[in-house]
Amino acid sequence: WPRVPGLGHSGSGSTLLGYIGIDTIIEQMRKKTMKAGFDFNIMIVGHSGLGKSTLVNTLFKSQVSRWSSGWGGEHKIPKTVEIKAVSHVIEEGGVKMKLTVIDTPGFGDQINNENCWDPISKYINEQYEKFLKEEVNIARKKRIPDTRVHCCLYFISPTGHSLRQLDIEFMKHLSRVVNIIPVIAKSDTMTPDEKNEFKHRVRKELETHGIEYYPQNEFDDDMEDKNENDKIREAMPFAVVGSDKEFQVNGKRVLGRKTAWGVVEVENPNHCEFALLRDFLIRSHLQDLKEVTHNIHYETYRARRLNDNGGLHPISANNTQESNL
């Protein structure tokens with residue numbers, strides 16, 4: 001065959017003599033994803049009363065927290081840390097997402113909170129183990145159910161002073177196994193100056209203790225990624241307010257919290273950073289959270305497990321209560 005200029009040889013910038021249709025691969029991938037849908041598993045951690053359930057409901061504009069899903073009963077604080085997972089299928093624009101919200105009632109609510117991150121760490125590792133066992137099966141499923149925690153929203157009390165020892169210990173222990181996104185809860189209890197001062201102090205403390213939160217510096221793919229992520233890192237931890245109640249403001253219905261001074265508008269960037277968190281978590285980095293979980297955290301776990309004694313050993317089953325609504 002005669003060699004056609006620009007085709008049939010490697011090298012960058014080959015000139016095509018006509019339309020091939022390589023660019024349709026994106027549309028093909030989109031169609032497949034639309035059909036299959038995808039999983040997203042988000043864990044919420046922080047002591048009671050910080051508005052964790054409300055914030056998650058606000059993020060996904062639906063009643064997805066366990067309290068909204070009939071787990072309720074009385075709001076009793078458990079004596080130990082429990083893990084409760086509840087799943088929903090959310091559909092928007094033809095795209096289906098199976099969202100699982102993993103709540104951790106009892107965390108940070110005891111007199112002695114020593115090692116209270118252990119059940120959380122155990123749960124995260126058990127999901128990696130579950131996935132690994134499916135993966136090494138000879139007759140493995142075409143699509144392995146993914147229960148791995150893609151993101152952990154860690155709620156910091158709006159004290160205005162500094163992080164508690166428990167915050168530091170938790171993030172130190174878990175930042176290597178899961179993507180932690182720290183958020184300052186109920187930020188409308190602070191003035192804008194107090195808020196900025198507190199954010200700066202939290203960033204400094206995390207840096208001092210060598211705590212890496214998502215998006216981690218080391219996983220930036222290129223300069224474009226780095227520049228985008230640097231802006232996000234400078235704005236973190238996001239100071240947020242959650243609300244699923246609507247109010248009339250200037251003739252518009254807005255989500256907000258009513259105070260003696262007026263309405264704190266949840267999605268107004270001048271009032272709080274909820275919109276920044278939502279855009280970052282869902283609209284720009286959701287796929288990356290899943291990829292970092294698979295390629296970094298899970299891969300680290302997998303390599304360690306396969307190296308240990310040269311094989312797999314079962315991890316004891318946990319008592320996690322799961323509900324698929």
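Reader: How many salt bridges does the count come to?
Author: The count comes to 18 salt bridges. A salt bridge here is a side-chain nitrogen of Lys or Arg within 4 Å of a carboxyl oxygen of Asp or Glu. This is a predicted model: local features need pLDDT of at least 70, side-chain atom pairs count only at pLDDT 80 or more, and totals for chains, interfaces and linings use all residues. Residues are numbered from 1 along each chain as its sequence is written, and side-chain values use heavy atoms, with hydrogens and water left out.

Reader: Take Arg176. Which residue does Arg176 form a salt bridge with?
Author: Glu218, with the closest N and O atoms 3.8 Å apart. The pair links distant parts of the chain, 42 residues apart. Arg176 sits in the loop between helix H4 (165-174) and strand S5 (180-184). Glu218 sits in the loop between helix H5 (192-208) and H6. Helices (H or I, at least four residues) and strands (E, at least two) are DSSP runs, numbered from the N terminus.

Reader: Is Arg176 buried or exposed?
Author: Exposed, at 55% relative accessible area. The cut-offs: buried is under 20%, exposed is over 50%, partly exposed is in between, using a 1.4 Å probe and protein chains only.

Reader: And Asp230, where does that lie?
Author: In helix H6, together with Arg233. They are three residues apart, about one turn of the helix. Their side chains meet in a salt bridge, 3.0 Å from N to O. Arg233 counts as buried, because its relative accessibility is 9%.

Reader: What about Glu299 and Arg302, how far apart are the closest N and O atoms?
Author: 3.3 Å, in a salt bridge. The two residues are three apart in helix H8 (residues 286-307), so about one helical turn separates them. Glu299 is partly exposed at 32% relative accessibility, and Arg302 is partly exposed at 27%.

Reader: Which residues are joined into one network?
Author: Asp220, Lys226, Asp230 and Arg233, through salt bridges that share partners.

Reader: Switching to the surface. Which residues form the negative patch?
Author: Asp221, Asp222, Glu224, Glu228 and Glu291. Patch residues have over 30% relative accessible area and no salt bridge; like charges are joined within 9 Å, nonpolar side chains (Val, Leu, Ile, Met, Phe, Trp, Tyr) within 5 Å. Asp and Glu count as negative. Glu224 is in helix H6 (residues 223-235) and is exposed at 64%.

Reader: Last one. How many helices and strands?
Author: Eight helices and 10 strands. Of the 325 residues in the protein chain, 45% are buried.

Terms used: Accessible areas come from the Shrake-Rupley method with a 1.4 Å probe; for residues, only the protein chains shown count as cover. The place of a charge is taken as NZ of Lys, CZ of Arg, CG of Asp or CD of Glu.
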